[in-house]
Amino acid sequence: MSQNADNVVDHFNLFRSPEYVDMFKTKKENFENAEPTDRVEEIREWTKTWDYREKNFARDSLTVNPAKACQPLGAVFVAVGFESTLPFVHGSQGCVAYYRSHFSRHFKEPSSCVSSSMTEDAAVFGGLNNMIDGLANAYSMYKPKMIAVSTTCMAEVIGDDLNAFIKNAKEKGSVPEEFDVPFAHTPAFVGSHITGYDNALLGVIKHFWDGKAGTVPVPERVPNEKINFVGGFDGYTVGNQREIKRIFDLMGVEHTLLCDASDVWDTPTDGEFRMYDGGTTLEDAAAALNAKATVSMQEYCTSKTLEFCASKGQEVLAFNHPVGVAGTDQFLMGISKLTGKEIPEALAKERGRLVDAIADSSAHIHGKKFAIYGDPDLCYGLAAFLLELGAEPTHVLATNGGKDWAEKMQALFDSSPFGKGCHAYAGKDLWHMRSLLFTEPVDFLIGNTYGKYLERDTGTPLIRIGFPVFDRHHHHRYPVWGYQGAMNVLVWILDKIFDEIDKNTIVPAKTDYSFDIIR
Amino acid sequence: MSLTVEQTKERNKALIDEVLEVYPDKTAKRRGKHLGTFEEGKSDCGVKSNVKSVPGVMTIRGCAYAGSKGVVWGPIKDMIHISHGPVGCGQYSWAARRNYYIGTTGVDTFVTMQFTSDFQEKDIVFGGDKKLAKIIDEIEVLFPLNHGITVQSECPIGLIGDDIEAVSKAKSKEYEGKTIVPVRCEGFRGVSQSLGHHIANDSIRDWVFDKLDPDRPAPFESTPYDVAIIGDYNIGGDAWSSRILLEEMGLRVVAQWSGDGSIAELENTPKAKLNVLHCYRSMNYISRHMEEKYGIPWVEYNFFGPTKIAESLREIAGHFDDKIKEGAERVIAKYQPLMQAVIDKYRPRLEGKKVMLFVGGLRPRHVIGAYEDLGMEVIGTGYEFGHNDDYQRTTHYVKDGTLIYDDVTGYEFEKFVEALEPDLVASGIKEKYVFQKMGYPFRQMHSWDYSGPYHGYDGFAIFARDMDMAINSPVWALTKTPWK
């Protein structure tokens, strides 16, 4: 008997006991019609080859293990970043169950969102009644200050018109006439979650800056000295937004964080469930029209939003998820130039400390080859930091990256001797990455939780940076932006490098002469 | 101070009335039919079920795609399951359900991978049938050891009128009768994941069973003791800790549905002598079909907690001869000391603790016995996507006066927990952090909170330990700020 009341054995070890191992063997031999072991080995070996890689890269219809999600996820992300705002997804309800689970698994936090629960009848007759009832129910039950509506692929295919539907619902008294219901069409078959972020954020600011869907006069822009800051879809939003606030406060920059989800995805356990916490206030969202400029941390996540800001007469400035010394330098200098505020000594000191840390440790990173995957901006920021550390970001892959992104990545590679031979893969997935790692191996892999399958199959150690990270806890509480954020990234990379060195030198009387206590 | 049953019923009624007050009248009327109190002697729990969720509430339900791909088909390990449509559905359900299996992933097994046609706007405009055909070709090149393919339709497929059946048929023919199963599990169909289970069952009937030569002999030598496990998804290894008991009592398990299952096992099942059914909700359809068409009887069983396990082992054995009946007694006796040791260890720490459940499938009733084995009491329960026959079956488990909530909304569930103050809330990931913030110990009863297995005798020890660690964790003493 495997189980033991004194020391309960769970799935990690239970199924390794002989009776279970025998059971698996009998099942496989008698009932599974399993492939012969040598055939499995033969194919497994073949998948490591250049021949397989060529066939793998020749596919143009099948996607395997993509590193992207769909638009509505980004729209829900945006909604929770505004004060007392309830995300409302117009479409089939199963999608919302998925978004809520996905965010909860990453942030280990509640994720509130409702849907209009459209089913077959709505597919035939349209979802207007679902919108009318849905807004009324959500409003009376969850007492939001704003309901931000987005769509699913279903509502888009049948062509539901959100603007008209919301108007109609208001006429029917679902919510008061003056209640804020910004909206965005976010079809899942266009772009990815970063497109959804862009569309939904545009939907919110357009609502306030363009006269609330024609219900009030378009407000006149009265420019002031404030800066709007947009983080983009970011798995580190809790740590990052707080770090950015700290930096702006240190610099004395008056700012509005547009879409600040740092509190709602980091609520205390103190006996109270806060469905809403923090977030950009609706007053600030409206007043953000008057800002001098809008700064985005993620260009590919905010292109339409920035275009709209520019059309209102604001200066716009976009970065590509800056990580590291030069990235943060550019960010701070950009902000300084925009605002005329000096970068304070405290930040210069932080910079020096980061450089100090790099100088202490870069010998361990120098010349190491990395593969990176994730959203286009994150990939750019991480690759730039690796180049700065003297590492080679050999394969950089973004399933939701386009040709323009690949060109920008190439320009980055070309700017550094460490970028020689590095390549950006736009529109490719993690099964392509698997072939890359087998045929042109690297030392380390950087990406989200799904990379653990690549780590297992190819033996490339995974450093978890990105979204989602389900199987490690609390990393989202640490910033990756600013000099202190770069320090976190540096430490995560170094920890993995040292763990690998230790693993490689741990066999007693064989390899442990290098099992050093000082590294 | 404990209430009498009558007082409990009064309290529940008042509580339900209070909760309904927040809704607009029309919604209050609709939701009111789903909330109630179990009355002893009644044939069901007195609540309406399996109807459309109210728009705008935070329902916990999923969709038909989740029921088909996420539950029934996804765990069949040697087939490739295409999430046909946009990228999201496959991405969010990617490896999220912990259906354990043994195999070389990406070579001869594929459960923890995400295959999608990643629909783009042009596929919506021009249709995705050609792309689907091409995808099947590409799968054949890159994954030559796959034993079949399913096409799991996402919402747009049905709306734009793609003919996935025609593509599947043509490709199956081209690849010499290969099993290619189109599944019309678009998310907008039905009112929850439940219809997806049914659709998936029907697709097994039509595209697996009906394609088999009726005179084909079993690929193994049949015995009088051949059974199939139906409706165990092997979450955290549940089906394994169940299978081992069936085999120990002398039965031979010829198929596992669908956790750690293979297409060969599906095809073997019509040769079984008895189907043993764990998740009635998701697989009663195919069990009934096999009974009608192949004459295979089926029996429901419950492998949560020693009381129900023993009952179930005896009931299963009742379908066989004395050899198996003796085998069941032998197994029960063998594990009795372990179970006693587990109960002796944990019952004193859990005695009298109150639990509120909200889950899917069979768990809102099946786990009640396991809690009772530990001296705990379930004071409220409900189903995400149960039907009336589930609520009928629940009457055998719940006590008079138990609060029942069907398709509970986030709002209702919070209010009920606040009012009844259980010692443990047991539900899913979307509910977990809400209740933990409120200071209530919580266990995820879909995924076993990444622990498990919970089925069988080996699983009960883990279940008991986990409930203890949840309820008696020192963290709950820290939730109140001491100076406030």
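1. What volume does the largest cavity have? In this predicted model, the largest cavity has a volume of about 230 Å³, and it belongs to a set of 12 cavities of 30 Å³ or more. Its lining is made up of 24 residues, and those lying nearest its centre are H193(A), D375(A), G466(A), F467(A) and P468(A). Sorted by class, the lining of the largest cavity comprises 12 nonpolar, 9 polar and 3 charged residues.

2. The second largest pocket deserves a separate comment, with about 580 Å³ of space lying in it. There are 32 residues in its lining, of which K68(A), T399(A), G427(A), D118(B) and Q120(B) lie nearest its centre. Several helices contribute to this lining: α11 (193-209), α15 (303-311) and α19 (403-414) of chain A, together with α5 (121-126) of chain B, each supply at least two residues. By class, the lining of the second largest pocket divides into 6 nonpolar, 14 polar and 12 charged residues.

3. On the annotated spans, UniProt lists residues 70-496 of chain A, in an unreviewed entry, under "domain: Nitrogenase/oxidoreductase component". In the model, that span of chain A is 48% helix and 13% strand, and its end C-alpha atoms lie 31 Å apart. For chain B, the UniProt annotation "domain: Nitrogenase/oxidoreductase component", also from an unreviewed entry, covers residues 63-471. Over residues 63-471 of chain B, the chain is 47% helix and 14% strand, with the end C-alpha atoms 32 Å apart.

4. Chain B contains an open sheet of 6 strands with mixed pairing, in the order β1-β12-β11-β10-β13-β14. Because β1 (35-37) and β14 (442-444) of chain B stand at the edges and each has a single partner strand, one side of each is left without a neighbour in the sheet. Neighbouring strands of this sheet are turned against each other by 25° on average, with direction ignored. Within the sheet, strand β10 (residues 354-357) of chain B pairs with strand β13 (residues 424-427) of chain B in the parallel sense, over 3 bridges; in β13(B), A426(B) is the bridge partner of L357(B).

5. Two helices that pack on this sheet may be described together. Helix α18 (residues 410-420) of chain B touches β1, β10, β11 (377-381), β12 (403-405) and β13 of chain B, and its direction makes about 165° with that of β12(B). Helix α20 (residues 456-471) of chain B packs on the sheet through contacts with β13 and β14 of chain B, and the direction of α20 makes about 140° with that of β14(B).

6. An open sheet of 4 strands is also found in chain B, where the order is β7-β6-β8-β9 and the pairing is parallel. Here β7 and β9 (298-300) of chain B stand at the edges, each with a single partner strand, so one side of each is left without a neighbour in the sheet. The twist from one strand to the next averages 25°. Strand β6 (residues 226-232) of chain B and strand β8 (residues 274-277) of chain B run parallel and are joined by 4 bridges, and the bridge partner of V227(B) in β8(B) is L274(B).

7. Most residues other than glycine have a negative phi, and most peptide bonds are trans. A cis peptide bond, with omega of about -15°, joins W257(B) and S258(B), and S258(B) has its place in strand β7 (residues 252-258) of chain B. Another residue pair, G452(B) and P453(B), is joined by a cis peptide bond with omega of about 0°, and P453(B) is placed in the loop between β14 and α20 of chain B.

8. Where is R98(B) found? R98(B) is in the loop between α4 (88-92) and β3 (115-116) of chain B, and its phi is near 60°, a positive value in a residue other than glycine.

Conventions. Residues numbered from 1 in each chain as written. Chains lettered and ligands numbered in written order. Predicted model: local features only at pLDDT ≥ 70, side-chain atom pairs only at ≥ 80, totals over all residues. Heavy atoms only, no water. 1 Å grid on protein atoms, 1.4 Å probe; cavity = no way out; pocket = protein on both sides within 12 Å on 5 of 7 lines; lining within 4 Å. Points joined across faces, edges and corners; volume = space filled by probe spheres on them. Nonpolar A, V, L, I, M, F, W, Y, C, P; charged D, E, K, R; others polar. UniProt positions renumbered as here; feature names shortened; annotations may be inferred. Pairing = 2+ DSSP bridges. Axes fitted to C-alpha atoms, helices over the stretch in contact; angles between N-to-C directions. Contact = heavy atoms within 4.5 Å.
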